[in-house]
Amino acid sequence: MAADTPRMRPWLLLVLAQAGVLPLAGCCTIARGLCGPDRSPWVQVDFATPEATARTFLEALRRDDPEVVYRCLSHDCRKRLGIDGLAAQLAWTEVRRQYPYLHVAGYAAVPPAMRQGADRARVRLDVEGTAVVVDLVRQAKWEVRYRRADGSLYEPGALVDDLATAAAITTDPADERSALQLQPLRFRHDGLDAVALADVEFAGVVRDWKIAGWTTATDG
């Protein structure tokens, strides 16, 4: 979390209200903006479903947590925003510059997602009377997660366009069992000669829901 992130200024609240993003008389909304990031217990970071990702994203917005915001965005969304490969703090600064109302969006409730296929979904939020439509995609990636000697977590990995290139399943009809085999996961460990197996916390292929983009009634 960025310790030096400024709180929302009163003049900005007035601008947002006049733009239709906030109700001018919404004292709760104004209080939220002036009080800064939320300090209540965290909602678990979860990308297993479209709804879980939307909740994680909103929680990160409410708390002004740039690292989690960055993790919520799809690969293509990061590229489109011009933040692909940048540090999380720089990414968050860019998102806030382009969409300054998102801080208040963190208080919206998340309804059931509208599925648009196996790997696409849409969540429609009501942000203080403004409709915000969040589009999500499901991405596959291989990942190796391990701890360095200083205790920091490192998560090398890459997107997988075709699951068949990363894993395969063989089935034995005789005993109704299947074996899932992963292809070798070659990962970087810059600054280390080797990674001990005991330091690996996770290795495999994951399929997570990430945010592809969003639109509002005020866009366009």
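This is a short talk on one protein chain, from its overall make-up down to a few single residues.

Hi everyone, thanks for coming. Before anything else, please keep in mind that the model is predicted.

Let's begin with the whole chain. The protein has 220 residues, and 38% of them count as buried. Its secondary structure comes to 7 helices and 8 strands.

Now to the cysteines. Are cysteine 72 and cysteine 77 buried or exposed? Cysteine 72 has 0% relative accessibility, so it counts as buried, because the cut-off is under 20%. Cysteine 77 comes out at 1%, and therefore it counts as buried as well. And how many disulfides are there? With a limit of 2.5 Å between cysteine sulfur atoms, the count is 0. As a reminder, a disulfide is a covalent bond between the sulfur atoms of two cysteines.

My last stop is glutamate 176. Where is it found? Glutamate 176 lies in the loop that runs between β6 (167-172) and β7 (177-182). Its phi is near 55°, which is a positive value in a residue other than glycine. Glutamate 176 also has 74% relative accessibility, and since exposed means over 50%, it counts as exposed.

So, if you have the structure open, have a look at glutamate 176 in the loop between β6 and β7. Thanks, everyone!

Key
Residues are numbered from 1 along each chain as its sequence is written. This is a predicted model: local features need pLDDT of at least 70, side-chain atom pairs count only at pLDDT 80 or more; totals for chains, interfaces and linings use all residues. Side-chain values use heavy atoms; hydrogens and water are left out. Buried means under 20% relative accessible area, exposed over 50%, partly exposed in between (1.4 Å probe, protein chains only). Helices (H or I, at least four residues) and strands (E, at least two) are DSSP runs, numbered from the N terminus.
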